[in-house]
Amino acid sequence: MHDDPLLADLTEPQRQAVLHTEGPLLILAAAGSGKTRTLTRRIAHLVRTGVRPWQILALTFTNKAAAEMRARVESLLGEGGTRGMVLSTFHSLCARLLRRHAQAAGLAPEFSIYDTDDQTAVMKKVVESLGLSAANFPPRSMLSAISNEKNQLRDAAAFAAVANDFYSRTVAKVFTAYERALRAAQAVDFDDLLVLTAKTLRAKPEVLADCQARWRYILVDEYQDTNHAQFVISSLLAGGSALDASAPGIHPASDAPNICVVGDPDQSIYAWRGADISNILDFERLYPSARVITLGENFRSTAPILHAADTLIRRNVRRKHKDLFTKMPGGDPVEVVLCESERHEASLVLDWLRERRQDESPPVAWSRMAVLYRNNSLSRVIEDSLRAGGVPYVIARGTAFYDREEVRHALAYLRMLANPADDASLSRIVNVPPRGLGDATITTLETAASARGVPLLRHMSTPGAADALNPRARAAVAKFVSLVEGWTGGGTFWADGHAESAPGSLAELVGRVIRESGLEAMYAARAKGAETDEARLENLSELVSSARQFEEEFDPEGDPALAAPQDGRDGPAGGNLAAPPMLALLRAFLESVALVADADAADPSLGAVTLMTLHAAKGLEFHAVAIIGAEEGLLPSARARATDEAVEEERRLMFVGITRAMRRLLVTSARYRTVRGLTERQVPSRFLAEMGVRASERHDPFGGLDDESDFTPTAASRPAHAGAGRAEPRFRAGSKVRHPQFGVGTVLSATAGANARVQVDFRDVGVKTLVLEYARLEPLA
DNA sequence: GTTATCAAGTTTTTT
DNA sequence: ACTTGATAAC
């Protein structure tokens, strides 16, 4: 047995985790402890011992993690070895389950998934329709309040029941109206995917039985980042009969299902969106017989890196300490550098990465290096520097492509076709490009539609509906309706494939929508001079290619929502073929597009340095890692500084960043950073000292700060003048000035007051607007 | 109805 | 700095 290749080169705890196949198992896996290796071996081991692949359900945090796990299991089992196995994110699993069991869930099978933008649009209308002011009830905070409730599986009624003060009662009304608006549009938001799945599993025994019959081995990765809804879903699927909606609290389950969860409380970084570390504790309470295995030995990082991580994380009070240790000797010291400005920081990082390239021979691939930051806005300066320095880089922003205006427009057309009740998508594109269906017309139609209780598109295609409009608008409505019918084959949405005009492939449909809607012509017309519109056209054709690719790879058999085989043959049986094939294909495409995450885009096969947020870096590793912007207010973030709990989460985030590094780690902070156009004095992060590494200070050779006394903050550190407005304007239109970074220039205009700004045309870098107080501008004679 | 210009708010982090 | 929302001109 011990020469089983699946067990070779595993440590004792890893081996035990692999061999524990029956009954609940909790794996506490420290950073870099070979977690993925253990999990993939365990899955392969299950299959080797006779478990059918389709009986295995593995839930991960990102699509990328799921894909990677599948690839690694497949390399252990051989090609096709994972056939029927479901490896997906919670959200995609739930989306598929809800489609399959749409009726039981109380949804139409063509439901749309609304992203943050769509949610905001719906919420704005809701707030408005309730006669509330958007200032007192900002759509964004309404949404986040509601999201918190949903993560706890509390619905609008439950929230209303405990809402005592005026504010909460109002929020409860908003909550109710928001839910109604979503359902009217046949739409769900991200949270609903989880909420409605949990609800359906609880309320519909036949659905639960269906799932439990199929999946006999359940595995949940990144368990420390699951929220309550995800906890309930995984417990129910595993057979947690004790989990009852009417019974608050966790009660031990009588049986011992085959559920394996893996997590590390020190890497919990999603509490802000409802993740609950206590799910790990609750796991042991729910399954008292659970075996707990700790993976502590680190195989990833050198001793100095690990020591810094350990020294830092020990500062967290709410924490069960576990030792991080490595048997690897030596290693270069961790570098902490205090820079002058963000530009200085960026050029320093560029140099550092170039040095790291020479760490090995042949040179270290760029793809083995990463730059990590707390929030996305920090990427820009680094980008500029890497581009100027000729170092290839990619920004891990998976959603970026689908976030682009032109792509979102095209997708809105498609979503409207997939779900004719999707009013949010319809109103997004009904007048894009302008076709005479402006606000006034749409408002009239919307009012009539909601009076009749039908979706807007349905109303528009009803004969006579546009009669109340002026002839011009009436013609525009008719034209739009016939445009849509041309794509769907006449209002029936491909029901019987009888329409000759209907497209035959997904790529064809996408292409036709882009062309016939006028989107293409609109951007082509604007593309004359503007480079960005040229790029928009390319993105649109890229969307067609991605549809074609999706179509080629689409495997209806791979749908995790399929039931278990009835007759013991391999492969899931049955299928959800109720929808016409084209419509099913379109829905699946839109769903895959809706559920991509930033972390999904980190593709190490590209020969480029990866730039990403600390959150997106979870689960990855690199030869060299640079963490930038280690400053108070950034990391920890300004918001987090209010509570100790939040600071501890930021510390864990820093810990996650540090432990991504295998060999080399650089952490930088800048003394001055331009945030939202204002250059501000920054204080190095407390985490720097807490890492136990001595920081070195560097001066910026190109920063022009050789004569420091000239630039020490003046107005910034001095109280404002008592006699306001009397100060002599040192800068007015026409005066020559010098800026430490931008060089010399001429003032174009200046404003007075507390936040006095000057607009300066710099000789080298063009026109900039600066806030006088912070800009360290020097007048030239 | 459409387009241009200006003021205001905005930034954590993600499915 | 940058996008979004409101108002005014076309």
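Visitor: What makes up chain A, and what is its average pLDDT?

Guide: This is a predicted model. Chain A has 28 helices and 21 strands. Its mean pLDDT is 84, and 82% of the residues score at least 70.

Visitor: Which elements have the lowest and the highest mean pLDDT?

Guide: Among the elements of chain A, strand E20 (residues 766-771) has the lowest mean, 59. Strand E13 (residues 622-627) has the highest, 97. Over residues 566-577 the pLDDT is below 50, and this stretch has 20 contacts in the model beyond near neighbours in sequence. Residues 704-723 also stay under 50, with 16 contacts beyond four places in sequence. Where pLDDT is low, the predicted coordinates should not be read in detail.

Visitor: Why is Ala440 called exposed?

Guide: Exposed means over 50% relative accessible area. Ala440 has 59% relative accessibility, so Ala440 counts as exposed. Ala440 is part of helix H20 (residues 439-452). From Ala440 to Val337 is 103 residues in sequence and 58 Å in space, C-alpha to C-alpha.

Visitor: Why is Thr668 called buried?

Guide: The cut-off for buried is under 20%. Thr668 has 1% relative accessibility, so Thr668 counts as buried. You will find Thr668 in strand E14 (residues 661-675).

Visitor: What makes the pair Thr668 and Glu345 a polar contact?

Guide: The limit for such a pair of N or O atoms is 3.5 Å. The side chains of Thr668 and Glu345 are joined at 2.6 Å. Thr668 is also in contact with others beyond four places in sequence, including Val337, Cys339, Leu348 and Ile627.

Visitor: How do you know that H4 is mostly covered?

Guide: Count the buried residues. Nine of the eleven residues in H4 are buried. Among them are Phe90, His91, Leu93 and Arg99. For chain A as a whole, buried residues make up 52% of the 781 residues.

Visitor: Which residues touch the most other members of the largest nonpolar core?

Guide: They are Met416, Leu426, Met460, Phe480 and Leu543, in a core of 53 residues. Helix H18 (residues 405-418) gives the largest share of this core, nine residues. Apart from it lies another core, of 43 residues, including Leu26, Leu107, Phe283 and Leu595. In soluble globular proteins, nonpolar side chains tend to be buried together.

Visitor: Beyond four places in sequence, what is Leu426 in contact with?

Guide: Leu426 is in contact with Met416, Leu456, Leu457, Met460 and Phe480.

Visitor: How many cavities of 30 Å³ or more does the search find?

Guide: The search of the whole structure finds three. The largest cavity has a volume of about 60 Å³.

Visitor: What makes a residue part of the lining of the largest cavity?

Guide: A lining residue has an atom within 4 Å of a cavity point. Among the residues that line the largest cavity are Leu97, His101, Thr200 and Cys211. Helix H4 (90-100), helix H10 (190-203) and helix H11 (205-214) each supply at least two residues of this lining. H10 gives the largest share, three residues. Leu97 and Leu98 of H4 are buried, and both line this cavity.

Visitor: What share of the contacts in chain A with a separation of 6 or more comes from residues 24 or more positions apart?

Guide: Such residues account for 73% of those contacts.

Key:
Residues numbered from 1 in each chain as written. Chains lettered and ligands numbered in written order. Predicted model: local features only at pLDDT ≥ 70, side-chain atom pairs only at ≥ 80, totals over all residues. Heavy atoms only, no water. pLDDT = per-residue confidence, 0-100. Helix = DSSP H or I, 4+ residues; strand = E, 2+ residues; numbered from the N terminus. Contact = heavy atoms within 4.5 Å. Buried < 20%, exposed > 50% of the residue type's maximum accessible area, 1.4 Å probe, protein only. Polar contact = N/O pair within 3.5 Å; in protein donor to acceptor, adjacent residues only side chain to side chain. Core = buried A, V, L, I, M, F, W, Y, C linked by side-chain atoms within 4.5 Å. 1 Å grid on protein atoms, 1.4 Å probe; cavity = no way out; pocket = protein on both sides within 12 Å on 5 of 7 lines; lining within 4 Å. Points joined across faces, edges and corners; volume = space filled by probe spheres on them.
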